[in-house]
Amino acid sequence: MNQDNLNSSIVFQKHIAILFLPHLPESKWYLKKIAGVPFLLRNILALQKMGIEKLVVWAEEPLHGQVEFLASIKTDQRLQVELDWANNEFISSLPEALSFLIFDGSTLLNGYEDQMVQMDADNSKDFPEELMQCLSKKKIYFLKSESLEQPERLRDEKGFSVAEERLLKSGGLNNDSFMDRLITRFISRQLTSFFLKTSFTPNQITFLSLFIGLAAALCFFFGGHKMGIVGSVLLLVSAWVDCADGEVARLKFMTSEWGAKLDIISDNIVHCSVFFAIGMGLYFSTGESIFKYLGMLAVLGSLTAFILLSKSILGKKAEATKKLSSESCNEIFSDQLANRDFIYLLFAFVLFDRLDVFILLTAAGSNFFVIYLVYQEFKAGAA
């Protein structure tokens, strides 16, 4: 959690949050899924992620399947917030000394960078008079956007589609590389949209990416131009699927430290396997032993660099934040080591049938990078 999120969590913990649900356009409206999660549950989990610890749901009319839904989400392992389904008597009975933070549950609550404002007669028009009367003697706040327009209420099916599309487009990370932003995320969003409609978990998607990546390495191991093209295409697919696992995890509120570690370790298994396989494939095709050793050197350099930077890489992967206040030298290095841009360069070398040049550059570059890292560590220790 970055400092901004930490500060907002501390502020939110001082208030009881009220999630107001306006009249339903139709039955089961709040139970419709957005990116694989029921609308109401998504908003509850989003508020939990923002730091809300106690949440009261106040519906303008009875929610279809209210009792069953509340019972089901209270058993959801993702849910940690203290949750109550309120009526007017419940809210009125709460001590006047308490302060409340009210949210419109008919909008998509996907994180805030807004200003907390005390509610008055002018800005309470979006909430029913009945609810305002229950809170008349209490301090009430809401979040007012400083830079963006307030999110619109989801009034029809089109609104749900737009909200889901907006969520999918927000699935990237702050340290995405140039090619991630240009190509990879665009393709991975299509895969994410598919995976959200299935029962695949993020870790299962990671294992799928690992399997495809190892299949790519096997193609390179056989050698030859045609197998090289197949291998490079499979490696591209593996990287796109690898992007989708994190997107699904964030959209379904299923991120975990274990998942982040599995993801980056799987990436490095694939990369090292591909480098070794390219070297061996060239050795089998040409009979030149130098390629076998270049493949081993590429694996050695890549693996050593990962070990040296593992703490930084795993930390950034687990953090998965959208905003960072500063970056250290090691964090910049870890971004470069963990990015997937080399797969597009590899694809270009394969098309021109110059895997020999690629493995030479990879073997030399990865080991020079390790030497530089060791030098930086020595320099920092001496200082």
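Predicted model: local features only at pLDDT ≥ 70, side-chain atom pairs only at ≥ 80, totals over all residues.
Q: How many helices and strands does the chain have?
A: The chain has 383 residues, of which 48% count as buried. Its secondary structure consists of 14 helices and eight strands.

Q: Among contacts between residues at least 6 apart in sequence, what percentage join residues at least 24 apart?
A: The contacts considered here are those in the chain between residues at least 6 apart in sequence. The share of them that joins residues at least 24 apart is 80%.

Q: Are α8 and α9 roughly parallel or roughly antiparallel?
A: Helix α8 covers residues 202-222 and helix α9 covers residues 225-251; their axes come within 8 Å and cross at roughly 170 degrees. Angles over 145 degrees count as roughly antiparallel. The relation of α8 to α9 is therefore roughly antiparallel.

Q: What is the handedness of the crossing of α8 and α9, and which residue classes make up their contact?
A: The crossing of α8 and α9 is left-handed. By class, the contact of α8 with α9 comprises 17 nonpolar, seven polar and two charged residues.

Q: How are α8 and α10 oriented to each other, roughly parallel or roughly antiparallel?
A: The axes of α8 and helix α10, residues 257-286, come within 7 Å and cross at roughly 10 degrees. Their contact divides into 16 nonpolar, seven polar and one charged residue. Angles under 35 degrees count as roughly parallel. The orientation of α8 and α10 is therefore roughly parallel.

Q: What span should the 30 residues of α10 have, and how far apart are its end C-alpha atoms?
A: At 1.5 Å a residue, α10 should span 44 Å. This agrees with the distance between its end C-alpha atoms, which is 44 Å.

Q: Which residue follows α10, and what is its phi?
A: The residue that follows α10 is Gly287. Its phi is positive, near 80 degrees.

Q: Are α9 and α13 roughly parallel or roughly antiparallel?
A: Helix α13 covers residues 342-351 and packs with α9 at an angle of about 165 degrees, the axes being 9 Å apart. The crossing of the pair α9 and α13 is left-handed. Because angles over 145 degrees count as roughly antiparallel, α9 and α13 are roughly antiparallel.

Q: Which residues of α13 meet α9, and how many charged residues does the contact have?
A: On the α9 side, the residues include His225, Ser232, Leu236 and Trp240. They belong to a contact with Phe342, Ile343, Tyr344, Leu346, Phe347, Val350 and Leu351 in α13. By class, the contact of α9 with α13 has 13 nonpolar residues, three polar residues and no charged residues.

Terms used. Residues numbered from 1 in each chain as written. Heavy atoms only, no water. Axes fitted to C-alpha atoms, helices over the stretch in contact; angles between N-to-C directions. Helix = DSSP H or I, 4+ residues; strand = E, 2+ residues; numbered from the N terminus. Parallel < 35°, antiparallel > 145°, perpendicular 65-115°, else oblique. Left-handed = near helix turned anticlockwise from the far one by under 90°. Nonpolar A, V, L, I, M, F, W, Y, C, P; charged D, E, K, R; others polar. Expected span 1.5 Å × (residues − 1). Contact = heavy atoms within 4.5 Å. Buried < 20%, exposed > 50% of the residue type's maximum accessible area, 1.4 Å probe, protein only.
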